[in-house]
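Please look over the model below before reading the numbered points. They cover contacts, strands, pockets and backbone angles in turn.

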Amino acid sequence: MMEVKIKPLADRVLVQPDPAETKTASGIIIPDTAKEKPQKGTVISVGNGKKNEPMILKKGDRILYGKYSGTELKWEGEEYLVMRESDVIAVI
């Protein structure tokens, strides 16, 4: 995992989404126009949490999140998502 110098504020987390699937289970190649947005990723950095709500997530957690959650961010050639901790559905 590469060190990123982005520190989210409050209850936000910085997530690196998993790459989109390029093949189906049966071996059919999926074209770029038909690929779905990934819903899994790795937490890269977390904020300090809200005043009375400490952060549950920590760096390195593998998570599931909603399909349209977060704000897309491109930093030094890598794609990330910044989202609130409440947008995370589960830790896997």
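1. A contact here means heavy atoms within 4.5 Å. Among the contacts in the protein with a separation of 6 or more, 64% are between residues 24 or more positions apart.

2. This is a predicted model, in which local features need pLDDT of at least 70 and side-chain atom pairs count only at pLDDT 80 or more, while totals for chains, interfaces and linings use all residues. Residues are numbered from 1 along each chain as its sequence is written, and side-chain values use heavy atoms, with hydrogens and water left out.

3. The protein has zero helices and six strands, and from the N terminus the order is β-β-β-β-β-β. Both kinds of element are DSSP runs numbered from the N terminus: helices are H or I with at least four residues, strands are E with at least two. Along the principal axes, the C-alpha atoms fill a box of roughly 50 × 30 × 20 Å.

4. Of the 92 residues, 30% count as buried; the classes are buried for under 20% relative accessible area, exposed for over 50%, and partly exposed in between, with a 1.4 Å probe and protein chains only. The exposed surface comes to about 6500 Å², of which carbon and sulfur atoms supply 53%. Accessible areas come from the Shrake-Rupley method with a 1.4 Å probe, and for residues only the protein chains shown count as cover.

5. Strand E5 (residues 78-84) pairs with E1 (residues 12-17) through four bridges, antiparallel. Strand E4 (residues 71-75) is also antiparallel to E5, with five bridges. Pairing requires that DSSP finds at least two bridges between the strands.

6. Which residue in the turn of the E4 and E5 hairpin has a positive phi? Two residues separate the strands, and Glu 76 in that turn has a phi of about 50°. Glu 76 is not a glycine, and at 63% relative accessibility this residue counts as exposed.

7. Ala 10, in the segment before E1, also has a positive phi, near 50°. At 34% relative accessibility, Ala 10 counts as partly exposed. Most residues other than glycine have a negative phi.

8. The largest pocket has a volume of about 280 Å³. Of its 15 lining residues, Pro 17, Asp 18, Pro 38, Glu 79 and Leu 81 are the closest to its centre. A pocket, on a 1 Å grid over the protein atoms alone, is an open set of points where a 1.4 Å probe fits, with protein on both sides within 12 Å along at least five of seven lines; lining residues have an atom within 4 Å of a point. Grid points are joined across faces, edges and corners, and the volume is the space filled by probe spheres set on the points.

9. E1, E4 and E5 each supply at least two residues of that lining, and E5 gives the largest share, four residues. By class, the lining of the largest pocket has six nonpolar, three polar and six charged residues. Ala, Val, Leu, Ile, Met, Phe, Trp, Tyr, Cys and Pro count as nonpolar, Asp, Glu, Lys and Arg as charged, and the others, Gly among them, as polar.

10. The second largest pocket holds about 220 Å³. Its lining includes Asp 18, Ile 30, Lys 35, Pro 38 and Lys 40, and divides into four nonpolar, one polar and six charged residues. Asp 18 and Pro 38 line this pocket and are also among the residues closest to the centre of the largest pocket.
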